[in-house]
Amino acid sequence: MGTANGEQPAAGASSDKLRHVESMSQLPSGAGKISGINAVVLGESLAAEENDLIFPSPEFSANALVSSPKQYREMYERSINDPAGFWSEIAETFYWKEKWNPSEVCSENLDVTKGPVEISWFKGGKTNICYNAVDRNIESGNGDKIAMYWEGNETGQDGKLTYSELLEKVCQLANYLKSVGVGKGDAVIIYLPMLLELPIAMLACARIGAVHSVVFAGFSADSLAQRIVDCKPKLVITCNAVKRGVKPIFLKDIVDAALVESEKNGVSVGLCLTYENQSAMKRDDTKWKAERDVWWQDVVTKFPTKCDVEWVDAEDPLFLLYTSGSTGKPKGVLHTSGGYMLYTATTFKYAFDYKPTDIYWCTADCGWITGHSYVTYGPLLNGATVLVFEGTPNYPDSGRCWDIVDKYNVTIFYTAPTLVRSLMRDGTEYVTRYSRKSLRVLGSVGEPINPSAWRWFYNIVGDSRCPISDTWWQTETGGFMITPLPGAWPQKPGSATFPFFGVQPVIVDEKGQEIEGECSGYLCIKKSWPGAFRTLYGDHERYETTYFKPFAGYYFTGDGCSRDKDGYHWLTGRVDDVINVSGHRIGTAEVESALVSHPQCAEAAVVGVEHEVKGQGIYAFVTLVDGVPYSEELRKSLIITVRNQIGAFAAPDKIHWAPGLPKTRSGKIMRRILRKIAARQLDELGDISTLADPGVVDQLIALSDC
């Protein structure tokens, strides 16, 4: 079994590992016209289409945690050549009840041909992520600092908790959970909207060593039942209802149906702890099963505000988070306690250039990995003040985000490209009516952000003065893998840039051979990192087959990637989102980016369809800017735009007008549904209950022949 314990590499190994950042030494340290490249500096001018490099300003870099390519390279080299030493130094800044064995910081085998895949970090060390995220901040004198602001669905609904108040609420719930028999290693399903009670429930589970599994409160009863059957929780935590915009969603009814379904499949849950969300529904109107259901407010508040910590091994499970699987059965991604704690804390700190005075807002829901790592754990482990938002970004109008930014003086704003494109479509007036002067760092997550959306985000939202941390990572990775560090190097619109500390990305061809220099291929990761998931719950074979068998010795991300001559990484989307047209491999993200660059296109989603001549054809769903009518001339203009930007081989075979795209409430486009519509397999659309607007599916079907 291979190990990574800081052994000195053989001569030349360092430069081999660092080849993808060698070209950073060639990067200019100032802006201007360089080798035919137009560059701009933060705060000095807008980023136009011809601007390939956007430099941090000298002032920003001077105050940044990582202020230059040289400093990054030194830190990165250390993280690769001495991972045990690098991560142990970071681990020392957290509280450990018992130290790990210094000779066994990391143990790993990523090669399926050499035995079972295994990853462990800091095994034998005893810690607790809740203690480090909450108690440790209080003990350092920050008990009165705001830990979380809460902004409700309606304007004027708000709340806040200091770190001391947060600890009291976490302890009360933890004591209640212990009183009903929840202990170390037990699973708890959390099906809550973005109330403060959601991160409180996560932290309470972590405090007593229970394993939380948050299910996005938008999943259907069937999807929830699948997860209940798989992890067999001691109880389910939910609330009676939530309002998203003007629409009420009756969560307790969904849970009731899921519990009936799971019981049919042999898993009975005897307790449902229900929070009364009075702004959405009164308790008298809530359907109730007295022998099973308990109101949160009736029991939790009666418990003591102090609760002993359950110290857990670094490799003990922290949470399960289910992701969609290609087989239809969700995959239970399992993250453990110690390595995940270090990795989320460290990535948050450096990727956002975090300062103690920052007010941080991530728009993600805790039902997704972003809400785990960058709403709850990463920020709190740094003692940050976090904003939790229950509502939707376009209610009561499309200025809601910027109203919230001004209200709380948000300094770091982290969101998804889908939201950026949606707000672009609604026009700049919703942005510019608000100050946004507090913003200093922007972030993007979830999918590659196309350059035109990047520039709009940078120019309009950030007033050309805020760097954008365009992060690439996955549920499985636990935290950022390839990301800009805001003050360290110039950005290229649409590029995730360079790897985070300890991460060794490689691009391989179809035979698994590493490709050097400027290239395109499959993105894999060489060697483990602390935040890596350890298995798929109850199915280690699937874990190995999905992620490690495609290319032995590597973690296969499932994503395509290009690396340019400067070493910058460009994510091209899921490999299954690559369309093979007459032998040309075309990334859907590339075609989408070209379409969205058209001034009358607000958003686009591209899928592949069978083509009797070319093998696969390109089918594009296009949403136009408000007020622009559909026309044959516009259809031709969009196709010409793609031909001009990529080539004739990438021209869409079909432009399908789309008033909207089928998205989850987190903003993820459900391409599975688009593929079925494009292929006219309308009887195979599957579950559309998780969509923010299920009605958009019927609209798309109606426009199929237009």
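This briefing describes selected helices and strands of the structure shown above. The model is predicted. Two helices, α12 and α9, are each largely enclosed by the rest of the structure. Strand β18 pairs with β17 and with β26, and a separate topic below is an open sheet of four strands.

**Helix α12**

- Helix α12 covers residues 338-351, and its 14 residues should span 20 Å at 1.5 Å a residue; the end C-alpha atoms are 20 Å apart, which agrees with that expectation.
- Because 13 of its 14 residues are buried, α12 is largely enclosed by the rest of the structure.

**Helix α9**

- Helix α9 runs over residues 221-231, and eight of these 11 residues are buried, so the helix is largely enclosed by the rest of the structure.
- The buried residues of α9 are A221, S223, L224, A225, R227, I228, D230 and C231.
- An α-helix has 3.6 residues a turn, so residues three or four places apart point the same way.
- The cover over the buried residues of α9 includes the strands β9 (187-191), β11 (235-239) and β17, together with helix α10 (251-264).

- Strand β18, residues 331-336, is mostly covered, with six of its six residues buried.
- In a regular strand the side chains alternate between the two faces of the sheet.
- From β18, K331, V333 and H335 point one way, while G332, L334 and T336 point the other way; all of them are buried.
- Strand β17 (residues 317-323) pairs with β18 in the antiparallel sense over six bridges, and V333 in β18 is the bridge partner of L321.
- Strand β26 (residues 535-536) also pairs with β18 in the antiparallel sense, over two bridges; here L536 in β26 is the bridge partner of V333.

**The open four-stranded sheet**

- Four strands form an open sheet in the order β24-β25-β27-β28, and their pairing is antiparallel.
- At the edges stand β24 (504-508) and β28 (569-574); each has a single partner strand, so one side of each is left without a neighbour in the sheet.
- From one strand to the next, the twist averages 45°.
- Within this sheet, strand β25 (residues 519-526) and strand β27 (residues 555-563) pair in the antiparallel sense over six bridges.
- C519 stands opposite R563 in β27.

Key:
Residues numbered from 1 in each chain as written. Predicted model: local features only at pLDDT ≥ 70, side-chain atom pairs only at ≥ 80, totals over all residues. Heavy atoms only, no water. Expected span 1.5 Å × (residues − 1). Buried < 20%, exposed > 50% of the residue type's maximum accessible area, 1.4 Å probe, protein only. Pairing = 2+ DSSP bridges. Axes fitted to C-alpha atoms, helices over the stretch in contact; angles between N-to-C directions. Contact = heavy atoms within 4.5 Å.
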